[in-house]
Amino acid sequence: MRGSFRIEGHAITSVDGMIADAAGAMPDSLKFPSDQKTYQQALEQAAMIANGRLSYEWQANSPKRKRLVLTRSVGGLAPDPDNANAWLWNPAGASLENACAALGVGGGTLAVIGGPFVFSLFLAIGYDAFHLSLAPGVRLPGGVPVFREQGRGRAPGDVLAAAGLRPGPTRVMDDGVAMVEWTAGGETA
Ligand SMILES: NC(=O)c1ccc[n+]([C@@H]2O[C@H](COP(=O)([O-])OP(=O)(O)OC[C@H]3O[C@@H](n4cnc5c(N)ncnc54)[C@H](OP(=O)(O)O)[C@@H]3O)[C@@H](O)[C@H]2O)c1
């Protein structure tokens with residue numbers, strides 16, 4: 001917990017730990033019904049979202065969601081001119097607490113939805129949970145990793161483990177997606 005906030009990350013990766021292809025785009029091969037459903041359900045429960053410019057989730061309720069959009073284009077905080085429910089946030093110039101206050105959100109779940117700059121920023125702030133889905137049989141050589149810390153041969157789980165999170169059981173869905181919830185408190189039921 002960070003104050004009154006529970007911080008939860010969400011990503012689906014290829015088997016080689018990538019969230020987007022070598023061109024920087026998230027391919028359709030990473031889109032699975034089971035993952036999209038659980039992702040949407042989680043975002044419906046969230047009090048607010050933090051995302052990079054290319055990580056907007058494009059769901060029916062997306063425009064209604066309170067969000068922080070990470071950018072260097074502002075010194076600290078500024079209202080998003082394109083979205084009345086969003087603020088632009090540069091963590092170099094404003095704290096997370098100030099950013100949440102600007103949005104008018106006092107607590108609840110903050111859903112972190114990527115990409116790598118945003119996932120790594122919150123690795124340092126501290127996740128309560130990270131929902132990691134693995135897309136069966138998909139490889140994205142030279143792609144975009146979940147975390148900037150991955151480097152050569154390091155899997156997203158290695159980074160989460162190094163940050164003190166522990167994996168719960170793997171749930172394999174009907175479409176083959178393997179879902180693991182990593183938590184700061186250890187294994188979940
Ligand atoms: N498979 C998945 O689960 C998943 C999840 C999320 C994203 N993705 C994919 O990953 C790819 C990358 O997404 P992304 O571009 O949103 O990733 P990202 O690297 O997290 O986002 C870049 C964003 O962070 C900002 N930024 C970068 N450095 C910063 C700094 N030092 N201070 C403040 N802000 C900074 C950039 O803003 P400025 O350039 O304006 O400064 C930009 O908005 C996309 O293809 C996306 O679809 C996949």
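This note walks through the sheet, a helix, the ligand shell, the core and a few single residues.

1. **Ground rules.** This is a predicted model, so local features need pLDDT of at least 70, side-chain atom pairs count only at pLDDT 80 or more, and totals for chains, interfaces and linings use all residues. Residues are numbered from 1 along each chain as its sequence is written. Helices (H or I, at least four residues) and strands (E, at least two) are DSSP runs, numbered from the N terminus.

2. **The sheet.** Nine strands form an open sheet with mixed pairing. Their order is E5-E6-E4-E3-E7-E1-E8-E11-E10. Two strands pair if DSSP finds at least two bridges between them. Which strands stand at the edges? They are E5 (77–79) and E10 (166–172). Each has a single partner strand, so one side of each lacks a neighbour in the sheet. On average, neighbouring strands of this sheet are turned by 20° against each other, direction ignored. Axes here are lines fitted to C-alpha atoms, for helices over the stretch in contact, and angles run from 0 to 180 degrees between N-to-C directions.

3. **Parallel pairs.** E3 (residues 48–51) pairs with E4 (residues 67–70) in the parallel sense, over three bridges. E3 also pairs with E7 in the parallel sense, again over three bridges. Follow alanine 50. Its bridge partner in E4 is leucine 68, and its bridge partner in E7 is valine 112. E1 and E7 run parallel too, joined by five bridges. There, arginine 6 has threonine 109 of E7 as its bridge partner.

4. **Strand E8.** Is E8 (residues 129–134) buried or exposed? Six of its six residues are buried, so the strand is largely enclosed by the rest of the structure. Buried means that 20 or more other C-beta atoms lie within 10 Å of the residue's own; exposed means 12 or fewer, partly exposed is in between, and C-beta atoms are placed from the backbone. Ala129, His131 and Ser133 point one way, while Phe130, Leu132 and Leu134 point the other. E8 runs parallel to E1, joined by six bridges. Alanine 11 has leucine 132 of E8 as its bridge partner. With E11 (residues 178–183), E8 pairs in the antiparallel sense over six bridges. Histidine 131 has glutamate 181 of E11 as its bridge partner.

5. **Serine 133.** This residue lies in strand E8. Contact means that the C-beta atoms, placed from the backbone, lie within 7 Å. Serine 133 and valine 180 are 47 residues apart in sequence, but 6.4 Å apart in space, C-alpha to C-alpha.

6. **Helix H2.** Helix H2 (residues 96–103) lies across E1 (5–13), E3, E4, E5 and E6 (86–89). H2 runs at about 155° to E6. Alanine 99 sits in this helix. It is buried, with 22 other C-beta atoms within 10 Å. Alanine 99 touches Leu68, Leu77, Trp87, Trp89 and Ala94, not counting residues up to four places away in sequence.

7. **Core.** The largest nonpolar core has 46 residues. Such a core is a set of buried Ala, Val, Leu, Ile, Met, Phe, Trp, Tyr and Cys residues joined through C-beta atoms within 7 Å. Leu68, Leu110, Val112 and Phe119 touch the most other members. Phenylalanine 119 touches Gly9, Ala11, Val112, Gly114, Val146 and Phe147, not counting residues up to four places away in sequence.

8. **Ligand shell.** Around the ligand there are 25 residues, of which Gly52, Arg53, Arg72, Gly114 and Gly115 come nearest. E1, E2 (18–20) and H3 (116–125) each give two or more residues to the shell. H3 gives the most, with three residues.

9. Most residues other than glycine have a negative phi, and most peptide bonds are trans. The peptide bond from glycine 114 to glycine 115 is cis, with omega near 0°. Glycine 115 is in the loop between E7 (108–112) and H3. Tryptophan 58 has a positive phi, near 50°. It sits in the loop between E3 and E4. Tryptophan 58 is exposed, with 6 other C-beta atoms within 10 Å.

Terms used
Contact = placed C-beta atoms within 7 Å. Near = placed C-beta within 6 Å.
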